[in-house]
Amino acid sequence: MRIIARFEKTESVRFVSHLDIQRLFQRAFRRAQIPLAYSQGFNPHPILSFATALSVGYTSEAEWLDVKLASDMDKDDFARRVNGTLPEGFRIIEVFSVDERFPSLSAIMAAADYTLQVFDPPADLAPRIETLLSAPIMVEKRTKGGMRTVDIRPMLYDYRYSNGFMRILGCLDAKGSLNIDLFMGALLKQDASAASYRVHRNRIFSNDGVLMPKMPERLS
Amino acid sequence: MNSACLDALLSQVEKPARYTGGELNSIIKEDAFVKVALCFPDVYEIGMSHLGTRILYNVMNACEDALCERVYAPWPDMENALKQAGEPLFSLETKRPIASFDIVAFSLLYEMCYTNIFTVLELSGIPFYAKDRRESDPLVICGGPCACNPEPIAPFMDVVLLGDGEEMNPELLRVFAACKRNGCDKRDTLLALSKIEGVYIPSFYAPQYAENGDFIRLQSVEPQAPDRILRRVVRDLDAAPYIGKPIVPYLSIVHDRIAVELFRGCTRGCRFCQAGFIYRPVRERKRETLMQQAKDMVACTGYDEISLLSLSSGDYSDLHALVPEILDEFAPQRVSVSLPSLRIDSLLKNDLERMQAVRKAGLTLAPEAGTQRLRDVINKGVTEEDLIRSVTDAFEAGWNGVKLYFMIGLPTETEEDLLGIADLARKVSQAFYSIPKDRREKGLRLSVSASSFVPKPWTPFQWEPQDTKESIIKKQQFLRNALKGIRGVEFAYHAPNISVLEAVVARGDRRIADVLLQAYRNGARFDSWDEHFKLKAWEDAFAAYDIDPAYYANRRRDTEEPLPWDHIDMLVSKAYLKRERENAYAATVTRDCRKGCNGCMGERYADYCKI
Ligand code: SF4
């Protein structure tokens, strides 16, 4: 049986890294006595994957995991048992039981919707955003082949801003994603530090609206 | 600490999860009459890996009117962030400033963490020296194996706890609570605490030195203070509290698994090994108890690995029943079982293969010395035959990674002993490659690691000089050459600076205290970490107090010379240590005391040992 679940990561655990979350769910599944299926081979491990990693420090109500079970169980029972043992700050919100042939989460995701809170925003932030978006946004990005300069403007699909709160609709698919920190770096320049804004992921969208909501043209 | 401020700090540091707490099974009590901050003075990933401290966390939180919260040494990035923000160091559980606790308790496992004590105190605004602390400051206490010679840190401690804490710590909290309730001042509180078995109050004693600077004795300056302080021992370990519901960290820590403590103490009597003497006598837990603890801990943590922990787990008297039982119990859940300090004998061979079936781990063996003669000197009862048979068994069972641990600079060591290390490595390599290709793994990974011998208090070698730095370096080079050309060998050794310092501090007296603090002021931190170790900070500190490290490290002490830890009674008698020293020089082996008592405690404590 294959289960896909959406979970949240809140305030108190926002510094827990992606790697730590993988381990954390494996342990939670064992405590909840979920019958996990294991990979074949020399070093068997649970067949568990995630749609995408969330940066350390962000919160989210749109984290997605995909796990294979060795035997069938009721999906609500799955959620209840896992939620009964997850550490505070993590919670499974919805659960789907899907077919073996269903594509992987990273294959169906297309974009994500974020809310940012900017602390002590400069008075001219709104026009600054306009100006920034009117041209390519060239940023230094660490890639496998070293540092490269790339334009992240095409990956930002839409935004809203008022009073220190920003919404961003940005690309998130298997080929690439909008890096919020790089965008904010370009926007705030010297004012930018990790403590100057907070990021929350509201949703991950898919192209066709199966499982994940369908990606909108614009932010509502 | 308010959350905005915490946020700002955490966003500046690497691995903020070191400071955020909130892990599964951590214990949060809103308030309690007595508050204890329990500190392992190293980074979170190391501190959280220490079983003893975690037992105490559980034990102290079980005390009704007490709470116990964790704090670790902040990594330099956090230290700087706190200093810049002018914020105090805080606990993981409720982010309370450390100075607001009644008691700050340090677990001291190795000397090279001492400078981190100062980081914790300074960032909490607590004066370093006990004599400078006010009535309103917390009581600063410590315990752990380093307390067996507490003198180098004695001036910083209000209270030192000797021995097992499972019973002593709750008693300490009870007495402390009573004093607090009665409004006792610090001196009266210390007096009350000094009546508890295992409690040492450094300020009740003053050291005396001869004109030439030699240590003469510790003189009591408090009429009611006992002459000697007896180490506290949990007599019935089976009934003693254990770690309970272990905290499950988010970060990956050094020992990220369930630890089941089979027994405490060790009967082998290796003469260089402090743990082998200061935890006597051996006290075992029953197999049923261990099974129950393992089941409970797997259920409440979800860990997939159990480690059977002890100083020499292979000696557990019920091992041949325990290992299959625990494997059978947990294999269906895919929980693996590992046995550190593995001793392979024929009965275990089948189980060994099953242990590997669940997960493959490297094999670690510690012959410690290269020749039989030197192994007899140090009473390491391993023969070459044992060793070769063990590794051959393991190779045939599919292992191809072996670590061999040796020490260089052991008393009576000669060139021949160093060559013996290479010889042993060669034989292990040959044992691997002489197995037909289809019956073993492809390539051998044989790691030969050589640490430098550090003479420690409470061992038969406590009077021995340590090799000088120059001599250690020479020997390392000699050994590296000797190991050249052996198939599959990798040689690992460390710069000797840290072990030289360790030798000074381990056998130091109270004069070393000023040096420790000065080294801290010169920038020493996390000294057990090669990348942090600052030799200059230490050299300058010794110079500042005109103290010659060689006086402590490289001098052969007379067995009649007063020792700075003579006022401590760890149960094992000095007479026994002297006798063992003679046996070492004669290369005479002393039997494992499971085979017959060797009388290490003399008549005095005959009823302590039930072997
Ligand atoms: S008293 Fe005897 S049996 Fe007990 S630890 Fe000492 S030597 Fe071993």
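Visitor: Which residue is the bridge partner of Thr115(A) in strand 11 of chain A?
Guide: In this predicted model, His200(A) of strand 11 is the bridge partner of Thr115(A). In strand 9 of chain A, the partner of Thr115(A) is Arg167(A).

Visitor: What makes strand 5 and strand 11 of chain A a pair?
Guide: Pairing needs at least two bridges. Nine bridges join strand 5 to strand 11 (residues 197–206), and the two run antiparallel. Strand 5 also has seven bridges to strand 9 (residues 165–173), again in the antiparallel sense. Both counts meet the requirement, so strand 5 pairs with strand 11 and with strand 9.

Visitor: Why is strand 5 of chain A described as largely enclosed?
Guide: A residue is buried when its relative accessible area is under 20%. Eight of the 10 residues of strand 5 (residues 109–118) are buried, so the rest of the structure largely encloses this strand.

Visitor: Which residues touch the most other members of the largest nonpolar core?
Guide: They are Ile103(B), Phe106(B), Val159(B) and Leu172(B), in a core of 128 residues. Helix 18 of chain B (residues 511–521) gives the most to this core, with seven residues. Another core, of 42 residues, lies apart from it and includes Tyr114(A) and Ile168(A).

Definitions and conventions:
Residues are numbered from 1 along each chain as its sequence is written. Chains are lettered from A and ligands numbered from 1 in the order in which they are written. This is a predicted model: local features need pLDDT of at least 70, side-chain atom pairs count only at pLDDT 80 or more; totals for chains, interfaces and linings use all residues. Side-chain values use heavy atoms; hydrogens and water are left out. Buried means under 20% relative accessible area, exposed over 50%, partly exposed in between (1.4 Å probe, protein chains only). Helices (H or I, at least four residues) and strands (E, at least two) are DSSP runs, numbered from the N terminus. A nonpolar core is a set of buried Ala, Val, Leu, Ile, Met, Phe, Trp, Tyr and Cys residues joined through side-chain atoms within 4.5 Å.
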